[in-house]
Amino acid sequence: MAIKKNNNFIKLAALRCRVNGRAVQKMVETGKRLLDFLRSDLRLTGTKEGCGDGECGACTVLLDGRPVNACMVMALQAAGRSVVTIEGISPDPRILHPLQQGFIDQGGVQCGFCIPGMIMSCAALLEKNPQADLEAIKAGMSGNLCRCTGYEKIFRAVEQARRELELKNAQR
Ligand code: FES
Ligand code: FES
C-alpha cells in the first residue's frame, strides 16, 4: 500500500508488535525509524533523540530484552517482537522502578535528557548481570552519553538499584 505525501508516494506496511506489554497494530511507512514510530505514532515521548546517529544512547529501548538505539532500527524490524520503553520499565506504573528511584535518590538527573536511555541500558545490564560491579556498570553504560552530570551520581544510582534488586530477588 502507498500514500501520497509532499508529492511523493510513500510505501506503508502493517506492523504488529508488543509495546510495553500491549499489542500494537498499525500501518507504518516502510522507511520510518522505530524512534519516530514510538514518539510520533504511539506518543511515547520518553524516548529521546540526541544525535540521531547511533552515538549518544538517548534513544535506547529494549527490543526482545536487548538494548538498541531506536534511531538506528526501522520500525518494521520490531514486527512480531517486544519493545519496552521508559514508559513501560516498571511493571506497575504507579511504582517507580528501582533504577528510576536510584536516579532520584542519588541526584543522578540534571537536565534529564539522557536519563530514559540510561535507565533502559542499565535495566538490560542488571537483568543480564544482577551482580554487576562498578566496572561492569561503567562498561554497560559506555554507549550512553551525558553532558551534565559527570557520571559519578549516575553510577551511584545504578549501584543503589542493583542493591535494591538483589534484595528483592533474595526475598522471592
Ligand atoms: S539518538 Fe539514537 S543514539 Fe543518539
Ligand atoms: S542529565 Fe543532562 S544529558 Fe544527562
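Student: Let's start with the hairpin of β2 and β3: which residue in the turn has a positive phi?
Tutor: Quick housekeeping: this is a predicted model, where local features need pLDDT of at least 70 and side-chain atom pairs count only at pLDDT 80 or more, while totals for chains, interfaces and linings use all residues. Residues are numbered from 1 along each chain as its sequence is written, chains are lettered from A and ligands numbered from 1 in the order in which they are written, and side-chain values use heavy atoms, leaving out hydrogens and water. Strands here are DSSP runs (E, at least two residues; helices are H or I, at least four), numbered from the N terminus. The hairpin leaves 2 residues between β2 and β3, and the one in the turn with a positive phi, about 50°, is Asn-20.

Student: How many bridges hold β2 and β3 together?
Tutor: Two strands pair if DSSP finds at least two bridges between them. In β3 (residues 22-29), Val-28 partners Ala-13, and Lys-26 partners Leu-15. The strands run antiparallel, and the bridge count is 8.

Student: And on the β1 side, which residue in β2 stands opposite Lys-5?
Tutor: β1 (residues 2-5) and β2 (residues 8-19) are antiparallel, joined by 4 bridges. They form a hairpin too, with 2 residues between them and a positive phi of about 50° at Asn-6 in the turn. Opposite Lys-5 you'll find Asn-8.

Student: Zooming out, how far apart are the C-alpha centres of domain 1 and domain 2?
Tutor: The bounds, from an automatic or database assignment, are 2-88 for domain 1 and 98-171 for domain 2. Counting contact as heavy atoms within 4.5 Å, 16 residues of domain 1 touch 11 of domain 2. The centres themselves are separated by 24 Å.

Student: How much area do the two domains bury between them?
Tutor: Buried area is the accessible area (1.4 Å probe) that two parts lose on being put together, summed over both. Carbon and sulfur atoms account for 70% of it here, and the total is about 1000 Å².

Student: Which strand gives the largest share of the side of domain 1 that touches domain 2?
Tutor: That side divides into 7 nonpolar, 6 polar and 3 charged residues, with Ala, Val, Leu, Ile, Met, Phe, Trp, Tyr, Cys and Pro as nonpolar, Asp, Glu, Lys and Arg as charged, and the others, Gly among them, as polar. The largest share, 3 residues, comes from residues 60-63, that is, strand β4.

Student: Which residues does Asp-53 contact, leaving aside neighbours within four places in sequence?
Tutor: Asp-53 sits in the loop between α1 (34-41) and β4. Its C-alpha is 21 Å from that of Cys-111, 58 residues away along the chain. With those sequence neighbours set aside, the contacts are Cys-71 and Met-72.
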